[in-house]
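Good morning, and thank you for joining this group meeting. Please keep the sequence and the structure in view while I speak.

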Amino acid sequence: MLDIKFIRENKELIEMGAKKKHIAFDVSLLLAADDKRRALMIAIEAKRAEQNSFNDKIMQVTDPVERTNFIAEMKKVKDSLVAEEEQLKEVTKNWQLLMLQVPNIPDMSVPEGDDDGGNREVKTWGDKPVFSFKPKDHIELMEKLKMADFERGAKVAGFRGYFLTGDGAVLDFAVWQHAMKFFAGKGFTPMFVPSLVRRETLLGTGYLPQGEDDMYKTQDNDYLAGTGEVAAMSFYSGEVLKKEDLPKKILAFSPCFRREAGSHSKDTNGVMRVHEFMKFEQIILCEASHEVSVRFHEELTENAEEFMQSLGIPHRTVVNCGGDLGLGQVKKYDIEAWVPSQNTYRETHSASYFHDFQTRRLNIRYKDTDGKMRFTHSLNNTAVATPRVLIPLIENNQREDGSINVPEVLRAYIGKDSIQ
RNA sequence: GGAGGAGUGGCUGAGCGGUCUAAAGCAACGGUCUUGAAAACCGUCACACCUUUACAGGUGUCGUGAGUUCGAAUCUCACCUCCUCCGCCA
């Protein structure tokens with residue numbers, strides 16, 4: 001959500017932003033609703049002021065007849081208020097609905113583009129492995145080594161179901177232990193955060209109302225969050241933080257649930273796109289400064305790049321184009337890992353910053369040095385998500401015989417240098 | 001699942017139809033005093049929105065929403081959250 005005053009004063013900016021993001025939003029509709037809302041407010045507030053001043057007079061009148069007259073007169077004022085208040089309620093409801101749809105303005109540095117095809121590579125790291133044989137995909141490798149069981153996964157959990165078994169489970173835990181150590185060294189507070197969350201948290205983080213179809217919902221009207229970001233961001237919702245306590249850096253661990261409603265035909269096999277997975281998410285709340293947000297955005301991205309490098313996984317970083325940005329995002333980098341079997345890079349991380357788009361909805365504020373209340377800025381990036389990261393990890397380290405070389409940093413956790 | 005109790009400013013907590021413009025205390029901040037600090041004393045101390053170039057004025061907010069009333073922190077209803085006891089339980 002953006003500040004209505006800002007929207008009023010920057011109509012063209014909002015229009016340009018929406019266009020760049022390929023989001024259809026009519027600002028003039030919102031401004032018209034706002035004009036109506038304010039006109040009604042002025043009328044109502046004037047009447048209330050009249051009513052309030054009469055209250056004092058009624059108290060002072062001792063003569064019962066005069067008093068009755070006063071009260072009768074006030075009743076008239078009140079009756080005329082009721083209709084206008086009802087009208088304001090309607091107008092405000094419509095206004096709020098529109099406010100939730102206003103897209104945040106993308107940064108100047110975000111390239112133009114329609115979809116992920118318009119994303120631009122900004123960094124690459126690592127040499128793509130050259131195999132003297134035809135590389136196998138992670139499904140074949142994992143099944144042969146009994147690291148995963150997809151047939152039983154489907155039997156038990158349905159479409160996109162999977163089990164990690166034996167060394168698959170061991171490898172997965174090794175990644176987690178390495179990640180824990182790695183990110184704790186970056187100043188993050190580790191947290192286990194809820195996946196089962198209330199609707200407000202999803203509205204606050206900007207996943208609702210648009211993403212209703214992507215979310216699992218319970219019979220109690222709670223939701224299964226698709227990312228730990230939701231609960232971690234909401235951790236401080238409604239609170240006033242101390243400026244000296246910023247930035248808040250959280251490393252949130254949680255199971256993540258996604259219905260993948262719009263991607264039924266994509267990545268249907270293996271662990272690329274599953275309904276249920278685990279993720280460490282990096283979250284930062286910082287002071288309300290564009291420069292500080294940009295600095296932390298780079299930092300969050302570099303943290304993840306470094307992590308991938310510690311695992312020796314070749315990857316690149318792309319800056320997402322306007323058409324590939326979400327409603328609230330100002331700028332986003334995706335980190336994509338090299339997947340030999342597909343001869344392409346696939347997304348493993350997504351780093352975005354929002355300015356105060358999320359914190360305005362979540363009402364997370366701090367008192368600035370000038371004594372003013374400000375909404376903090378918010379950012380997030382994946383730290384690591386499994387089992388997806390296992391795909392590049394396994395495929396890039398495969399040998400001709402189908403065994404897998406274990407990266408140096410994981411050997412201590414696994415207790416061996418190869419899986420065979 | 002059942003029974004009871006409670007939600008008031010950063011915190012503690014009084015108020016239970018009009019005098020609430022929400023007592024008091026603590027914390028915080030500014031000042032006096034001091035070589036410096038502590039103590040003491042004096043002062044400041046919620047947020048949001050609307051009107052206004054500004055000065056200033058107005059409205060709303062006592063968990064949330066609806067209702068009763070000329071008037072609600074105070075009465076009624078629903079919901080949310082927390083606490084206590086019983087039951088169930090990793």
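This is a predicted model: local features need pLDDT of at least 70, side-chain atom pairs count only at pLDDT 80 or more; totals for chains, interfaces and linings use all residues.

I begin with strand β12 (residues 331–339), which pairs with β13 in the antiparallel sense over nine bridges. Helices (H or I, at least four residues) and strands (E, at least two) are DSSP runs, numbered from the N terminus. Two strands count as paired if DSSP finds at least two bridges between them.

Residues are numbered from 1 along each chain as its sequence is written, and chains are lettered from A and ligands numbered from 1 in the order in which they are written.

Is strand β13 enclosed or open? Seven of the ten residues of β13 (residues 344–353) are buried, so the strand is largely enclosed by the rest of the structure. A residue is buried if 20 or more other C-beta atoms lie within 10 Å of its own, exposed if 12 or fewer, and partly exposed in between, with C-beta atoms placed from the backbone.

Now to the chain as a whole. Chain A has 13 helices and 18 strands. Its C-alpha trace spans about 100 × 45 × 45 Å along the principal axes. Of the 420 residues of chain A, 37% count as buried.

Chain A is divided into domain 1 (4–99) and domain 2 (116–419), with bounds that come from an automatic or database domain assignment. The C-alpha centres of domain 1 and domain 2 lie 44 Å apart. How many residues of domain 1 are in contact with domain 2? Four residues of domain 1 are in contact with four residues of domain 2, where contact requires that the C-beta atoms of two residues, placed from the backbone, lie within 7 Å.

Next, please find helix α7 (residues 167–184). This helix has 18 residues and reaches 25 Å from its first C-alpha to its last, close to the 26 Å expected at 1.5 Å a residue; the expected span is 1.5 Å times one less than the number of residues. In α7, the residues D167, G168, L171, A174, V175, A179, F182 and F183 are buried. They cover an arc of only 145° around the axis, which puts them on the same side of α7; the arc is that of the directions from the helix axis to the C-beta atoms. On the other side of α7, K181 and A184 are exposed.

Finally, I turn to two open sheets. In one, three strands follow the order β5-β7-β6 with antiparallel pairing. Because β5 (196–197) and β6 (216–217) stand at the edges with a single partner strand each, one side of each is left without a neighbour in the sheet. Y216 has L224 in β7 as its bridge partner.

The other open sheet has three strands in the order β8-β14-β15, and its pairing is mixed. Here β8 and strand β14 (residues 365–367) pair in the parallel sense over two bridges, and L241 stands opposite Y366 in β14.
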